[in-house]
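Please read it with the structure at hand.

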Amino acid sequence: MKDAGYATAMIGKWGLGGPTSQSKPTEMGFDYFYGYLCQRMAQCYYPPFLYDNDVREYTANPEMDLGDRLDKGADPYHSKSYDKFKGTTYSPDAIYSKIEQFVDANRNNEFFLMWTTTIPHSALTAPEEWVAKYVAKFGDEEPVYRAKGYFPTRYPKATYAAMISYLDFQIGKLVENLKAKGLYDNTIIMVTSDNGPTHNSYTNTNWFDCAHPFRSDRGWTKRSLHEGGIRMPFIVSWGDRIAPTVSDHIGYFPDIMPTLCDIAGVKSPKCDGISILPTILGKKQKEHKYLYWEFPPFKKARGWLSVRMGQWKGLVTDVADGNTTMQLFDIVNDPREERDLAAENPQVVKAMWQAVKQSHTE
């Protein structure tokens with residue numbers, strides 16, 4: 001993007017290198033960075049500071065220890081018991097203000113903005129008025145206050161819904177801002193996720209049916225290679241240049257680099273991706289021969305690998321335990337992965353293993 005003359009900014013969470021490393025955003029092609037340089041701190045929405053380029057911008061928030069509990073004797077059903085986990089600067093608001101400043105400063109230039117929002121990640125935290133809307137909608141619920149790792153939450157379902165709605169609200173504000181500046185029709189916007197929904201004591205994935213139409217059960221969403229873990233929304237807007245449509249093209253994140261380079265009119269660095277600009281413009285699209293995933297052992301899961309070829313999906317679980325039995329699903333007609341067709345399609349399984357051999361690096 002810089003080679004094409006774009007001003008570049010990354011605003012939100014950066015988890016690829018700390019403030020003294022050679023892989024912080026300002027060393028990786030971004031003119032401007034604002035936000036978190038620590039994955040763990042990014043799970044606190046009232047941080048004591050955020051980074052403005054290389055400088056800490058301190059807030060008035062008190063320092064909080066993730067995993068802290070309610071005070072001894074505090075009533076877990078009383079909202080006031082959770083006040084100790086709040087501050088004055090809500091990080092999504094601080095981040096959004098920098099986004100508008102960057103857009104305004106570059107309204108007469110070409111710009112590339114990478115907005116890596118932290119919501120709706122745990123610890124679940126949202127503005128009180130937004131939570132109240134969903135408390136009124138859902139009714140009372142059990143708090144989460146004994147789980148480890150995050151702050152307690154009085155209304156986990158209402159707060160999770162409020163965080164998603166707040167992100168929608170902020171994206172809407174940005175769109176209105178672009179329209180007001182006359183930039184919207186010439187701005188391409190991509191909204192997506194890094195994985196499917198999580199499943200923990202804070203996020204009731206089944207109650208919300210977060211992975212619909214795939215299974216939302218534990219072990220079938222984030223940190224799995226089931227469809228609920230690797231299939232995600234991908235929404236593209238480009239003013240009046242593209243008509244509303246739904247695409248069934250199969251792509252993945254490395255496709256974004258060549259796509260952006262196509263849009264900017266520069267040659268893409270060598271990568272495994274294929275530009276999806278033709279799909280965005282409703283034109284004939286080159287397809288991947290196959291896609292390949294691996295995921296290492298994590299907690300109870302013992303390692304995964306998966307291959308997608310056209311309508312077929314191969315899946316191997318418990319790889320770390322030496323399992324080499326591949327399940328095979330017709331993912332177009334069986335998106336919930338309920339009917340293993342490996343025995344009936346040995347040639348497809350053979351082709352899948354060849355793809356694994358070509359893709360895996362020991």
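With which residue does Arg302 form a salt bridge?

1. Arg302 pairs with Asp321, the closest N and O atoms being 3.1 Å apart; a salt bridge here is a side-chain nitrogen of Lys or Arg within 4 Å of a carboxyl oxygen of Asp or Glu. The pair links distant parts of the chain, with Arg302 in the loop between β8 (291–295) and β9 (304–309) and Asp321 in the loop between β10 and β11 (327–330), 19 residues apart. Helices (H or I, at least four residues) and strands (E, at least two) are DSSP runs, numbered from the N terminus.

2. This is a predicted model, in which local features need pLDDT of at least 70 and side-chain atom pairs count only at pLDDT 80 or more, while totals for chains, interfaces and linings use all residues. Residues are numbered from 1 along each chain as its sequence is written, and side-chain values use heavy atoms, with hydrogens and water left out.

3. The count of salt bridges comes to 19. Lys313 forms one with Glu227, at 2.7 Å between the closest N and O atoms. Lys313 is in strand β10 (residues 312–317) and Glu227 in helix α5, 86 residues apart. Both residues are buried (buried means under 20% relative accessible area, exposed over 50%, partly exposed in between; 1.4 Å probe, protein chains only).

4. Asp104 forms a salt bridge with Lys181, with 3.7 Å between the closest N and O atoms. Because Asp104 lies in helix α1 (residues 91–105) and Lys181 in the loop between α3 and β6, the pair ties together parts that are 77 residues apart in sequence. Asp104 is partly exposed, at 37% relative accessible area. Lys80, Asp83, Lys86 and Glu128 are linked in a network of salt bridges.

5. There are 18 aromatic pairs, that is, rings of Phe, Tyr and Trp (its six-membered ring) with centres within 6.5 Å; planes under 30 degrees apart count as stacked, over 60 as edge-to-face and the rest as tilted. The ring centres of Trp14 and Phe30 are 6.2 Å apart with planes at 80°, so this pair is edge-to-face. Both Trp14 and Phe30 are buried. Tyr150 and Tyr202 are also edge-to-face, because their centres are 5.2 Å apart and their planes at 90°.

6. One aromatic cluster is formed by Tyr45, Tyr46, Tyr90, Trp130, Tyr166 and Phe169.

7. Thr192 is in strand β6. Its C-alpha atom is separated by 7.0 Å from that of Met232, 40 residues apart along the chain.
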